[in-house]
Amino acid sequence: MSAIEFAGEVEGWSRSGGPFDPVLLTARDEAETFPAEACAALDRWGLPDYYVPSRFGGRLTRLDEVHALLRTVAARDLTVAVAHGKTFLGSASVWAAGGGQAATTLARDIMAGEAVAWGLTEPGGGSDLLAGELTATRRGSGWSLSGRKWPVNNATRGRFVCVLARTEPEGGPRGFSVFLVDKQAAAPGTVRYLPKMPTHGIRSADISGVEFLDARVPADALVGTLGGGLELVLKALQLTRVGCVALSLGAGDHALRIARRFLGERRLHGRRFSELPHARTVAGRSVARLLLAETVAFTAARSAHQVPEELSAVSAITKALVPTLIQGQLRLVGELLGARGFLTGVEGYGGFAKIERDHQIVGIFDGSTWVNRSALALSLPVLRPGRRTAAPTGAPVHEWLREDHEPAALDPLRLGVMARDNTVLSSLGDLVARLAAGPPDGAGRMAARLLDTYGELSGRISGLRPAAGPPPTAVMRLAERYEWCHAGAAALALWVANPQHHDRDWWRDGLWLRGCLALVLEGLGAPPPEATATFDELGSLLLGDAGDRVSLLGTPVEVSA
């Protein structure tokens with residue numbers, strides 16, 4: 001089945017009286033009650049099967065498939081995507097551990113519709129995993145868990161929860177382990193739920209907590225190796241961060257649908273709003289931000305298959321940049337909508353305020369922008385150009401970003417905790433040369449400027465050396481510039497990889513590429529003079545037939561049957 005067929009199903013469910021009826025979901029949001037009808041519809045369709053790797057009987061063979069499906073759900077209602085997709089995040093540690101009886105059993109339960117939560121954070125601990133105080137103590141052949149995990153998505157509704165627990169009193173990098181807890185199997189009184197939290201966005205999601213009171217779990221509840229919990233979580237986060245950004249793309253899709261309608265209906269001073277140059281430019285910027293976010297996300301999904309050893313860096317870049325791009329896009333759409341962006345109960349527009357509220361949480365999931373950028377900053381001394389001594393192996397990036405490319409099998413055992421290269425960004429020089437061999441001229445000039453800017457950045461990174469502690473502000477700024485350069489390289493690679501699309505609407509004359517490179521150069525402090533005209537072109541195209549589907553891949557990703 002294709003992603004577009006799934007989208008048709010979701011569209012049907014969105015009609016009056018259906019489980020995705022906006023009236024129903026708005027009521028759920030206002031009452032802060034779980035969107036049970038929508039999640040049940042996704043269960044019946046079989047979406048949980050795509051959270052389970054094929055080696056365990058599921059349908060997860062490609063991360064871009066999961067992206068396409070979660071993006072479709074998020075484009076209708078972000079809260080539903082958060083509530084349902086959490087099972088993929090919650091189970092990632094089990095898949096990253098490589099297998100075992102726990103994986104086989106969990107796979108069966110997920111495909112039967114059971115939800116899985118991921119208990120990482122604790123009260124007062126924030127993103128510091130080493131600050132966790134929930135303990136796991138040996139009791140006979142099993143373990144006893146004591147402590148709290150809060151706040152956690154699906155903490156109450158999820159039958160299973162993967163928790164990071166302290167297994168050595170002193171903690172430390174080798175003092176934590178991961179346990180998969182079946183809460184239904186716990187003795188009465190040993191598992192207590194913490195109340196649902198009132199939240200600004202995703203109000204109907206189950207954001208609550210769980211407390212273990214000497215809760216006994218069997219020996220096989222241990223996931224991976226004893227003391228290997230921190231490393232396992234860091235590897236699982238690489239997969240979940242790539243998955244999370246599909247939520248942002250869906251929010252961006254939804255916002256652009258609203259913007260397109262508004263531009264087509266609104267009149268100001270006797271003219272259509274879309275005829276005003278500033279309105280078109282703002283709309284074009286919104287389009288460019290979505291397309292650049294899509295490019296970075298798609299590249300990350302393919303990287304997980306082709307260069308998983310580099311995913312620690314790629315996933316951090318992706319999770320830092322994509323939600324930031326979409327949050328900026330939502331601000332632009334809000335600027336266009338004006339008062340309509342704040343009103344509720346207005347047919348066609350009342351949902352925008354909800355999108356804007358809901359999306360803010362995506363930037364926090366699995367590490368905030370600051371957390372991910374900090375991780376990247378600490379990696380820069382290892383990633384610095386010229387450090388690599390071995391010749392690159394495998395297909396070049398412009399080959400494995402072809403739309404029709406069949407990615408290598410997903411192998412979590414190849415994930416590492418510290419990337420030593422970035423194939424995408426290392427290919428920038430070759431990609432610019434390939435672009436210079438043909439049209440479009442405007443993109444070629446911007447690409448050459450990007451290459452020069454990356455050369456300057458490389459010189460600054462080359463002087464860095466590994467250091468303990470949080471990175472200083474100057475290094476954080478270098479990491480942000482590195483993210484923009486990576487995004488530009490990803491856009492060039494996607495363009496070079498898919499010449500069969502070059503005569504299509506968004507691709508013609510390199511339009512989307514010019515828009516993305518203009519954003520990248522602006523982010524690097526080197527705005528190109530042709531940026532405004534490029535954004536105006538993108539805004540005009542949004543109002544035409546091509547605006548029905550703002551996406552770079554002309555044929556939706558085929559989803560495994």
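A residue counts as buried when its relative accessible area is under 20% and as exposed when that area is over 50%. The structure described here is a predicted model.

**Residues with positive phi**

By that cut-off D366 is buried, because its relative accessible area is 13%. Its phi is near 50°, a positive value in a residue that is not glycine. D366 sits in the loop that runs between α10 (352-359) and α11 (369-383). D509, which is not a glycine either, has a positive phi of about 60°. The loop that holds D509 lies between α16 (473-497) and α17 (511-523). With a relative accessible area of 56%, D509 is exposed.

**Cysteines**

Cysteine sulfur atoms must lie within 2.5 Å to count as a disulfide, and the number of disulfides by this rule is zero. For C39 the closest cysteine sulfur belongs to C244, and the 16 Å between the two sulfur atoms is too far for a bond. C485 is likewise in no disulfide, the nearest cysteine sulfur being that of C516, 15 Å away. C39 is buried, at 7% relative accessibility, and C485 is buried as well, with a relative accessible area of 1%.

The accessibility values given so far are set out below.

| Residue | Relative accessible area | Class |
|---|---|---|
| C39 | 7% | buried |
| C485 | 1% | buried |
| D366 | 13% | buried |
| D509 | 56% | exposed |

In soluble globular proteins, nonpolar side chains tend to be buried together. The largest nonpolar core in this model contains 167 residues, and L492, W506 and W512 have the most contacts inside it. Helix α7 (residues 229-265) supplies the largest share of this core, with 19 residues. Leaving aside residues up to four places away in sequence, W512 touches L291, T295, A491, L494, W495, W506, W507, L538 and L552. Another core, of 19 residues, lies apart from the largest one; A117, L134, A136 and V210 are among its members.

Helix α4 (residues 63-76) has 14 residues, and at 1.5 Å a residue it should span 20 Å. Of the 14 residues of α4, 13 are buried, so the helix is mostly covered.

The peptide bond from W150 to P151 is cis, and its omega is near -10°. P151 belongs to strand β3 (residues 142-153).

Notes
Residues are numbered from 1 along each chain as its sequence is written. This is a predicted model: local features need pLDDT of at least 70, side-chain atom pairs count only at pLDDT 80 or more; totals for chains, interfaces and linings use all residues. Side-chain values use heavy atoms; hydrogens and water are left out. Buried means under 20% relative accessible area, exposed over 50%, partly exposed in between (1.4 Å probe, protein chains only). A nonpolar core is a set of buried Ala, Val, Leu, Ile, Met, Phe, Trp, Tyr and Cys residues joined through side-chain atoms within 4.5 Å. Helices (H or I, at least four residues) and strands (E, at least two) are DSSP runs, numbered from the N terminus. Contact means heavy atoms within 4.5 Å. The expected span of a helix is 1.5 Å times one less than its number of residues.
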